[in-house]
Each structure stands twice: as structure tokens, then as C-alpha cells.
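Work through the two exercises below with the sequence and the model at hand, and try each task before reading its solution.

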Amino acid sequence: MQTILHNILTDLELPYFLLMYTGIGLVGLTAGAVAIWLCDGTRDVDLPDDDDAIDPYQIAFLKGGANRVAQLVIFDLIALGYLERWSPKGFRLFGAPKMVRRNATIFDVSTLSTIQRAAWDWCSRARLLSEVHHRNVGLSKMIATRCDALQAALTTQRYLETPRRQLACKLTKGTLSTALVTLGLYKLVAMAIIGRGESVGLILLMAIGLLGAAIICRRVRLSDLGHRYLIHLELRDQDVAADALACDRPTDRLLRMALYGTSEPHHITSRLDKCIEEPELSHG
């Protein structure tokens, strides 16, 4: 019992113990952050060739998840003619709400993908554009359950967080948290039994250490390759946007919508209703 209550840790004056505890925490957090970074596994992977086909829906999911995919599919279906913008006539004097509905002349939807069909079904009645990202009845919520194929493809291409990094995060968080809590509690209990020292500073350092461990071990959506790939696409789009003819190509308009949430060149960020108004204008 004496050995437990009186040793190099318990007999160390609290200011020196706090200094030692801080040093251990900083070293542990730094080592953990470096280990997680090294376990990404995609830092040295080359970007794909520009000749490889780019799926705008994969890019949209990579950029903004189901929300960006929902925005893209509405834009896409309007451009393809399956959906159309619509405003109730009775509201024109007061500013008609911006809505989208099915094109009444379209009957064959057999060629639509799973995500496109979900958007078509969602528009079984006229929908306000503001409902696309609605928490309860929005298209984003419906599409989220249909993005498994996109996620699987991006995982195969190593654009999303790798399993190695996820494992490294779990091990690092568990090791750091256990070490910081065990060391801190041991000192606190010893001080309480001996009746010596103020514990507020040590408790605060423990909380800071656990917060630091949670930050460096947080889950991320993209791998290093995924981040670099998005930057590559944005830089490539700058070159494409310099060509006036390229601005009207459907593939480039879809890609810009996936990347920026707008099909306008020069990376202009606009609202969803402005973005999906453009296909109607472009078709006269």
C-alpha cells in the first residue's frame, strides 16, 4: 500500500507532475496524428489520367454527399427534359414560389438510373425547390439510401477514407484516452487519499487531452487521394472554362454542378433555385 501511495508519481509535486503530464500528452497526440496521417495509404498514389471517364454523380457524392447528389440529379433531369420548372399562376402577383414538377409529355422512364428514378418518384407532385434538402421530406433523405453504389465505387478507387486510417484512429484514440485517464486518475486518487494538492488543474488537463485525442482521431470523408483529386478537377475546370464553347457542353455543366453547386463557369457559387433554372433558359 505504501508503494502505491508513495512513489515517483505520487510524491512528485503537482506543478512538476502537471508539466510532465502535459509533455506526455503532447508527445502522444503528435505521435498519434503522425501515425494516422501515415496510415492513410494514398499519399503516394498517382491521380487518374484525364482521359478516364468522370462520373458527375460520383464527384457530387465525393464533394458533398447525398445533398450534392440530390442537387445534381434535379439539375440533370431538368436538362434531360424529364422535369421542368413551374410556378403556380395564382401567386404571380406576390412572387410565385419556385417549384419543379414532372414533364407531362414524358412517359418512358425505364432508362433512368436508380438515383434519377428516385428523383422522378419524389416529384410525383410539384415540389418546392426549398424542399430538396428538407430534413424530413427532402430528396436528399430519399437519395441517401440509394448512394451505396456511388460509395462502393469511390471506396474501390480509394477516394474515401481508407480502412487503415479508420483502424489507426480507433487504436490511437483508445490508447491515448486510456493512458491520459489512467495516469490522471491515479494522481487524483493518490492526492485525495493523502489529502494534498489541488485537483482542478489536473482535471482541466485531462479534459484538454481527451478533446485533443477526439480531434486528431476524428473520422473524415475523403482520403488524401480524394482531396487531391477534387483539387485536380477544379484546376482542370479552370482551363475548360477558358474555352467559351466548353461552357455549354452538358458534361462540363454537370461536372461544375457536382463540384460547385452551380453550372456557371469561373466557380460562381449560387443558390439551388438559380442553378436549376439554367437548363430551361438554355433550351429557350
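**Exercise 1. Describe the open sheet of three strands, beginning with the order of its strands.**

Solution. The order in this open sheet is β1-β2-β3, with antiparallel pairing; strands are DSSP runs of E with at least two residues, helices are runs of H or I with at least four, both numbered from the N terminus, and two strands pair if DSSP finds at least two bridges between them. At the edges lie β1 (83-86) and β3 (127-128), each of which pairs on one side only. Between β1 and β2 (residues 99-102) the antiparallel pairing runs over four bridges, and E84 has R101 in β2 as its bridge partner. Helix α3 (residues 56-80) packs on the sheet and touches β1 and β2, where contact means heavy atoms within 4.5 Å. The direction of α3 makes about 95° with that of β1, given axes fitted to C-alpha atoms, for helices over the stretch in contact, and angles from 0 to 180 degrees between N-to-C directions.

The model is predicted, with local features needing pLDDT of at least 70 and side-chain atom pairs counting only at pLDDT 80 or more, while totals for chains, interfaces and linings use all residues. Residues are numbered from 1 along each chain as its sequence is written, and side-chain values use heavy atoms, leaving out hydrogens and water.

**Exercise 2. Which residues of α8 are buried, and which are exposed on the other side?**

Solution. Taking buried as under 20% relative accessible area, exposed as over 50% and partly exposed as in between (1.4 Å probe, protein chains only), the buried residues of α8 are L202, M206, G209, G212, A213 and I216. Seen down the axis of α8, these buried residues fall within an arc of 125°, so they line one face of the helix; the arc is that of the directions from the helix axis to the C-beta atoms. V200, L204 and L211 are exposed on the other side of α8. The cover over the buried residues of α8 includes α2 (14-38) and α7 (163-194).
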